Each structure stands twice: as C-alpha cells, then as structure tokens.
Number of protein chains: 2
Amino acid sequence: MNDLLTIGEVAKRSGVAASALRFYEDRELISSERAGSGHRRYPRSVLRRIAFIVFAQRIGLSLEEIKSELSKLPPDRAPTRTDWSRLSSGWTSRIDERIAELERLRAGLTECIGCGCLSLDRCRLANPDDRAARSGPGPRYWVGDPRPAS
Amino acid sequence: MNDLLTIGEVAKRSGVAASALRFYEDRELISSERAGSGHRRYPRSVLRRIAFIVFAQRIGLSLEEIKSELSKLPPDRAPTRTDWSRLSSGWTSRIDERIAELERLRAGLTECIGCGCLSLDRCRLANPDDRAARSGPGPRYWVGDPRPAS
DNA sequence: CTACAAGCTCAAGTGAGCTTGAAGTCAAGC
DNA sequence: GCTTGACTTCAAGCTCACTTGAGCTTGTAG
C-alpha cells in the first residue's frame, strides 16, 4: 500500500521479468532505492519508464539508444507529459522510415523476387540509403554499410 | 566466364560475406557443388536464392523460417517466377501486420506515453494479439506470450 | 619454382538481450 | 524458532546470426 514497489510487484505490473529489471538497472536504464534490507524499492514512476523502454524496443531501438533517450529526461524532477512527448517526437520519423522500407520491400516482392530482374544490384531498391532501418543482425555490408568496391 | 561461380564471386555479387555463405550452407539454406579441389562452385541461380534470403531477413524472418520457405520450392527443377511469387505471397500479410503494429505504436506515442494514462495494462494496445510481430529479442512475456496470472 | 591470394574445415569468439543457477539474506506466518 | 518465499549478488549459459583464427591446401601470376 506504500507507493514504493518491490521488484516482484514491478515485474508483475510491467510484464517485464525481474531478471530483466535487474539487467536494465545494471545497464543504467532504470534505478532503484534500497530498503534497509538491500532489497530494491521502486517509485511508481518507474512503470512509465519501463513502458517507454518496451515501446522503444518494439519500434526497434537498442537498449543503448533507449538509454541515451532517457538521459534527456530532467534528472531533477519528475518528467512531465511534455518531457515524454519531446523524447518520442523524433521516433515518429523513425517509424515512418521503417514503414517506408517495409512498403518498398512489399513492392519488391512482386517486382523483384518474382520476376526475372532479380539482379542484386537492381534490388538495392530494397534499401536505398536508410541506415536507420538497420535493426537486428543481418548481412554486414548488404546495403547502407560501405560496400566492397565492386 | 563459366556459369559456375566461386564463393568469392558470389560474395562480391551478392554483398553477403563468404563466411555467411558457408554458414548458410551449413544451415542448409543454400547448397553448392564442389570442384575437384573441394572448392565450392555455385550456379548463378544461387544469387536469386540469396537475394530472397536477404529480402526475407529485412522483413523479419529468421533463418529457420526462411529455410522452411525455401523448402517449398521445387527440388527437381529451377524455380520459375511463379514459384518465387507463391512463396512471397504470404509475406505481404506479414509485412502488413508489422506496418499495422508500427502505426499503433506511433499512435501510442502521443496517446499513451505522453499522457497520464500510461498504465501498462491500457497500453497493451501497443500490441493486441499479433504474435507474428515478435521480431527480435525483447521482454519475454510482455505481449502475446502467456502473461503471468496477475 | 616461388609467392601469394583464395579456398578449405573446425572451433571458438562476438554482441544483444536476457535467463538460470548457486549460495546466501530477509520478512512473514505458524 | 522454523519454514517458506521473495529477495540479493555474481557468474555462467543461451539464442541468433554471424565473424575470426588456426592450420592447411589449391590456384594463378611472374
């Protein structure tokens, strides 16, 4: 009934495993106070922070990127809705770029893969120049990364 | 000038590293004949196969999934454009789902993160029930996976 | 014939994002 | 006072998609 939550409570409410929360703390994405016992105690505000992390992950940001986004929040006071929306404002374009890539890929499915044109050179249309879209592992120098001089 | 390519040539033409090609062969996504020397020799058709793999990865399929897609190609003859397009036809919906999720996330940015409503429960709107969208690592039971009974 | 580039195999390493296990501490109920 | 469960730290393990390195062989140009 206190407004400080244990790690188990936060895990349950956020849907993020306790082990992941400790991991995030280790990576300095979240922080906790400690009870006399050494147990973690979280203010409710951590839930919003975690929601933000999960959101950002779904969009495709790495934990490192998320950390640097979070570092833009005011350290001295509780973030306002304006603070939060400032952070996420840049994401809209990121999302839009990813959507655009997916749409190009969708087009490429019929235009490239299906037809006889499939030279990889032409199919660089799959990803003209948006490095932002590089999410997850994949071929190292396929597109966007410096190509081996052909 | 032969129509059989060495691994180096395939790497150069496809933009996929030779080590990755060996890796794909090990995972049975592609195959090669061998010259008397034991060196790999690829028919040109492998380029299309590789393009397909790269494409599919960008869309978000795992190598395992791609392997099972490729296994649907006729083993006895060179795949026609119809064969290829049959494979990729199912992807359109997959792409559309991912796009839909990104659009929900974009909406959530302003609706959820910014405002006071950010209870994680409500923000399950971030991902109602599409498991297909689970691409890449992330919180294990956030959405779609069986939630811990609350 | 000699370099040297390119290929081979097999084992181990990488990095992201966690999970799991071991060994111990703390809090609550009986 | 004792058990049970939630918590602690730290180290090691796991998956995915590769890359790197060691040690050796093959192919090609001069």
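## Surface near DNA strand D

By class, the surface near DNA strand D has nine nonpolar, ten polar and four charged residues. In this count Ala, Val, Leu, Ile, Met, Phe, Trp, Tyr, Cys and Pro are nonpolar, Asp, Glu, Lys and Arg are charged, and the others, Gly among them, are polar. This is a predicted model, in which local features need pLDDT of at least 70 and side-chain atom pairs count only at pLDDT 80 or more, while totals for chains, interfaces and linings use all residues. Residues are numbered from 1 along each chain as its sequence is written, and chains are lettered from A and ligands numbered from 1 in the order in which they are written.

Of the 23 residues around DNA strand D, the nearest are Thr6(A), Gly8(A), Arg40(A), Ser19(B) and Ser37(B); a residue is near a strand if its C-beta atom, placed from the backbone, lies within 6 Å of it. Two or more residues of this surface come from each of α1 (7–14) and α2 of chain A and α2 and α4 (63–70) of chain B. Helices (H or I, at least four residues) and strands (E, at least two) are DSSP runs, numbered from the N terminus. With three residues, α2(B) gives the most to the surface near DNA strand D.

## Surface near DNA strand C

DNA strand C is surrounded by 25 residues, and the closest are Ser19(A), Ser37(A), Leu63(A), Gly8(B) and Arg40(B). At least two residues of this surface are supplied by each of α2 (18–26) and α4 (63–70) of chain A and α1 and α2 of chain B. The largest share, three residues, comes from α2(A). By class, the surface near DNA strand C has ten nonpolar, eleven polar and four charged residues.

## Helix α1 of chain B

Within α1(B) (residues 7–14), Val10(B), Ala11(B) and Ser14(B) are buried. A residue is buried if 20 or more other C-beta atoms lie within 10 Å of its own, exposed if 12 or fewer, and partly exposed in between; C-beta atoms are placed from the backbone. The three cover an arc of only 100° around the axis, which puts them on the same side of α1(B); the arc is that of the directions from the helix axis to the C-beta atoms. An α-helix has 3.6 residues a turn, so residues three or four places apart point the same way.

The buried residues of α1(B) pack against β1 (4–5), α2 (18–26), β3 (40–43) and α3 (45–59) of chain B. After α1(B) comes Gly15(B), whose phi is positive, near 80°.

## Nonpolar cores

A nonpolar core is a set of buried Ala, Val, Leu, Ile, Met, Phe, Trp, Tyr and Cys residues joined through C-beta atoms within 7 Å. In the largest core, of 22 residues, Ile50(B), Ile53(B) and Phe55(B) touch the most other members. Each of α5 (81–113) of chain A and α1, α2 and α3 of chain B supplies at least two residues of this core, and α3(B) gives the most, with nine residues.

## Chain A and model confidence

Chain A contains five helices and three strands, in the order β-α-α-β-β-α-α-α from the N terminus. Of its 150 residues, 29% count as buried.

The mean pLDDT of chain A is 76, and 72% of its residues reach 70 or more; pLDDT is the predictor's confidence in each residue, from 0 to 100. Among the elements of chain A, α2(A) has the highest mean pLDDT (97) and α5(A) the lowest (81).

Notes:
Contact = placed C-beta atoms within 7 Å.
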